Amino acid sequence: MTFEEALENGAEIIPESFEEQYIEKALSYSLPDADVSDLKVVYTPLNGAGNYPVREILKRIGVNNVFVVPEQEMPDGNFPTCPYPNPEEHAVYELAKKLNEEKDADIIIATDPDADRVGICQKTKNGYINPKGNHIGVLLFDYICRHKELPKDPVAIRTIVSTPLYDRIAADYGIDVQYTLIGFKWIGSKINELGERYVFGFEEGNGYLPGDYVRDKDGLTTSMLVAQMVAYHKARGKDLGEVMDELFEKYGYYQESVKSFEFEGSAGAAKMQEIMEYFRSSTDFMGKKIIKRLDYLEQDELPKSNIMEYVFEDDSKVIVRPSGTEPKIKVYLFANGKDREEAVRLVEENENRMKEIIENE
């Protein structure tokens, strides 16, 4: 139906007063411990919904220099500049980088089309960096812990496929960590139980929530905190890559990776089931010693789900599951090493093992 017909049939326009309540609530989570007045931000809503609210909240916290990528400013469901408008993808930042070169900005912030997920890109002395979703999560969490007055018996939440580095930071600040299945709805339900004890929640797929005012990931407040975090570390003479290195030095070198294997059609669905059954029944990981094997269909701490988890004697870990929305098996790989090279090597070893098993099973 047309827009006019929708109004005649009971649809309502969300009033500006509702948007104002949302922005004011988001502002209540501001951490004004850094001067953002000189901060330069390149922002792209990726032709989605974030343009007004993100610019508005950045203006209200005092960011005077926000430059929006003109080709990606207005809503356009055809996404003419990036066919896959996902802030996790490096390719979506190309136009923002060009604008960044003109404006010499401190940070590039991107929100996905419905403005609930956030990605960032930063020019450093070593070139541009695109922190992964896990890294943005721990950077924000560390920043919040440094500056927020924590509640009594504080709790942070992450999904089972998000980085364990989060747990190390939480322990340092006396924060308990609770875990959920994949999908932010599970974090939302935990918030209902925790109330004021809740501090922060995130998932590796660039979803973050620093407050309890909504029950889903929120790009508005996240963009605000990213700007404040960048300004704070800029005042320390650090870019986000250097801050991440500080966290690695302090808590250990963690490496994560996500790989997908596609299986089309009904034959593919049957094959995926066979592969999951193989993992469910196998006690050997191609010669690698398993010290913990967890079948999420048999545990009682979380809702039962078709997920398998293996922890190995070298402190690396693999989680495997069929996607709930696509004909894919998704593999999440984790490692903790004495240095970056060892962590990367362990992830790559397990990735090669998984590839061999899945492609030959």
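Visitor: How are helix 6 and helix 9 oriented to each other, roughly parallel or roughly perpendicular?
Guide: In this predicted model, local features need pLDDT of at least 70 and side-chain atom pairs count only at pLDDT 80 or more, while totals for chains, interfaces and linings use all residues. Residues are numbered from 1 along each chain as its sequence is written, and side-chain values use heavy atoms, with hydrogens and water left out. Helix 6 (residues 165-172) and helix 9 (residues 240-251) pack with their axes 11 Å apart at an angle of about 75°, where axes are lines fitted to C-alpha atoms, for helices over the stretch in contact, and angles run from 0 to 180 degrees between N-to-C directions. Because angles under 35 degrees count as roughly parallel, over 145 as roughly antiparallel, 65 to 115 as roughly perpendicular and the rest as oblique, the two helices are roughly perpendicular.

Visitor: Which residues of helix 9 does helix 6 meet?
Guide: Helices (H or I, at least four residues) and strands (E, at least two) are DSSP runs, numbered from the N terminus, and contact means heavy atoms within 4.5 Å. From helix 6, Leu 165, Arg 168, Ile 169 and Asp 172 take part, and their counterparts in helix 9 are Met 244, Leu 247, Phe 248, Lys 250 and Tyr 251.

Visitor: Which strands stand at the edges of the five-stranded sheet?
Guide: The sheet is open and antiparallel, with the strand order 10-14-13-12-11, and two strands pair if DSSP finds at least two bridges between them. Because each edge strand has a single partner strand, one side of each is left without a neighbour in the sheet, and these strands are strand 10 (253-262) and strand 11 (290-295).

Visitor: What is the bridge partner of Leu 294 in strand 12?
Guide: Strand 11 and strand 12 are paired in the antiparallel sense over five bridges. Within strand 12, the partner of Leu 294 is Glu 309.

Visitor: How many residues of strand 13 are buried?
Guide: Buried means under 20% relative accessible area, exposed over 50%, and partly exposed in between (1.4 Å probe, protein chains only). Lys 317, Ile 319 and Arg 321 point one way from strand 13, Val 318, Val 320 and Pro 322 point the other way, and all are buried. Strand 13 (residues 317-322) is therefore largely enclosed by the rest of the structure, the buried count being six of the six.

Visitor: How many bridges join strand 13 to strand 14?
Guide: Strand 13 and strand 14 form a hairpin with five residues between them, and Arg 321 stands opposite Lys 330 in strand 14. The two strands run antiparallel, and strand 14 (residues 328-337) is joined to strand 13 by six bridges.

Visitor: Which residue takes a positive phi in the hairpin of strand 12 and strand 13?
Guide: Strand 12 (residues 308-312) pairs with strand 13 in the antiparallel sense over four bridges, and Tyr 310 has Val 318 as its bridge partner. Four residues lie between the strands of this hairpin, and the residue with a positive phi near 70° is Asp 315.

Visitor: How many disulfides does the count come to?
Guide: A disulfide is a pair of cysteine sulfur atoms within 2.5 Å. By this rule the count comes to zero.

Visitor: How far from Cys 82 is the nearest cysteine sulfur?
Guide: Cys 82 is buried, with a relative accessible area of 5%. Cys 82 is in no disulfide, and the nearest cysteine sulfur, that of Cys 121, lies at a distance of 14 Å.
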